[in-house]
Amino acid sequence: MLVMIAENDGLHRTFARRTVEQLWPGDVEVIEASDGEDAITLAAEREPPHVVLDLQMPKATGIEVARAIWNRRAGTHILFWSNFADEAYVRGVARIVPPGSVYGYVLKSATEEGMRSALRGVFREGHCIIDREIRGIQHRVQDKFEGITDGEYESLIDIALGLTDRAIAARRGLSIRGAQSRIKHVYDKLGIVPAEDGASDASVFNSRTRAIYLAMARGLINIDALRREQDRLDAWLAQVPPEH
């Protein structure tokens with residue numbers, strides 16, 4: 001049984017290794033990576049069928065590592081192990097999981113027995129094991145009244161990256177009115193009333209800036225997500241005419 005542990009924190013990496021080796025004494029080989037780039041390289045060389053993967057690592061995020069692993073071997077069982085229950089991570093994972101794949105998402109605040117149960121469930125029993133808090137976020141994402149749709153999330157990202165309504169429309173293949181309608185839906189779900197709608201606090205808050213703050217406070221977006229999206233934006237900007 002080959003297990004790769006990708007974790008930049010040495011103490012957490014040692015804990016994960018010890019837990020895996022105690023679960024399967026004499027029956028497991030553990031390989032380690034301390035950053036995202038090393039994890040991608042090591043996974044390509046050894047093709048481990050089981051991976052414990054931190055979501056926030058230098059050089060490449062856990063989501064980028066998981067995408068690279070699943071692109072090569074969709075049957076790899078991955079246990080995401082993170083300090084964070086941000087909706088940005090939950091969405092990021094959901095977007096890259098291949099159909100029928102086995103994975104887990106456990107928080108580092110879980111007990112040692114919780115970690116053991118997740119490892120057994122994902123690696124040996126082939127079950128998807130999702131932390132209760134993460135499951136709650138998944139349900140919120142799917143709620144049509146509270147959850148931000150994928151299209152609205154794209155508009156929120158574009159706002160956070162500083163794009164104008166016209167640029168958002170061009171990037172997403174929308175009319176300017178369509179782009180503005182999506183942004184209005186984002187404001188509604190974040191509880192923001194724009195100045196033109198008669199907000200009493202219009203002189204206090206800028207709607208776009210307020211949306212970014214509320215989204216970050218809720219965990220809808222984070223720096224890892226923005227870094228990934230900036231790369232995608234750079235690629236788009238390189239292909240569009242200068243007037244956009």
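Which elements each supply at least two residues of the lining of the second largest cavity? I put this question to a predicted model, and my entries follow.

**Entry 1: the second largest cavity.** I found that α4 (87-96), β5 (103-107) and α6 (132-142) each supply at least two residues of its lining. With three residues, α4 gives the most to the lining of this second largest cavity. I listed the lining residues as Val90, Val93, Ala94, Tyr103, Tyr105, Ile134 and Gln138. Sorted by class, they comprise six nonpolar residues, one polar residue and no charged residues. I noted a volume of about 40 Å³ for the second largest cavity.

**Entry 2: the largest cavity.** I searched the whole structure and recorded two cavities of 30 Å³ or more. The largest cavity holds about 60 Å³ of space. Which residues line the largest cavity? I read off Ala43, Ala44, Glu47, Pro48, Ile69, Arg72, Arg73 and Thr76. Two helices, α2 (36-46) and α3 (62-72), each supply at least two residues of this lining.

**Entry 3: Glu47.** I returned to Glu47, one of the residues lining the largest cavity. Glu47 is placed in the loop between α2 and β3. I noted its positive phi of about 50 degrees, although Glu47 is not a glycine. Most residues other than glycine have a negative phi. Glu47 counts as partly exposed because its relative accessibility is 40%, which lies between the limits of 20% and 50%.

**Entry 4: Lys59.** I then looked up Lys59, which lies in the loop between β3 and α3. Lys59 is not a glycine, yet its phi is positive, at about 75 degrees. Is Lys59 buried or exposed? Its relative accessible area is 60%, and the limit for exposed is over 50%, so Lys59 is exposed.

Entry 5: In the model, I located Asp54 in strand β3 (residues 50-54). With which residues is Asp54 in contact, leaving aside its neighbours within four places in sequence? I recorded contacts of Asp54 with Ala6, Glu7, Asn8, Gly62, Trp81, Ser82 and Lys108.

Notes: Residues numbered from 1 in each chain as written. Predicted model: local features only at pLDDT ≥ 70, side-chain atom pairs only at ≥ 80, totals over all residues. Heavy atoms only, no water. Helix = DSSP H or I, 4+ residues; strand = E, 2+ residues; numbered from the N terminus. Contact = heavy atoms within 4.5 Å. 1 Å grid on protein atoms, 1.4 Å probe; cavity = no way out; pocket = protein on both sides within 12 Å on 5 of 7 lines; lining within 4 Å. Points joined across faces, edges and corners; volume = space filled by probe spheres on them. Nonpolar A, V, L, I, M, F, W, Y, C, P; charged D, E, K, R; others polar. Buried < 20%, exposed > 50% of the residue type's maximum accessible area, 1.4 Å probe, protein only.
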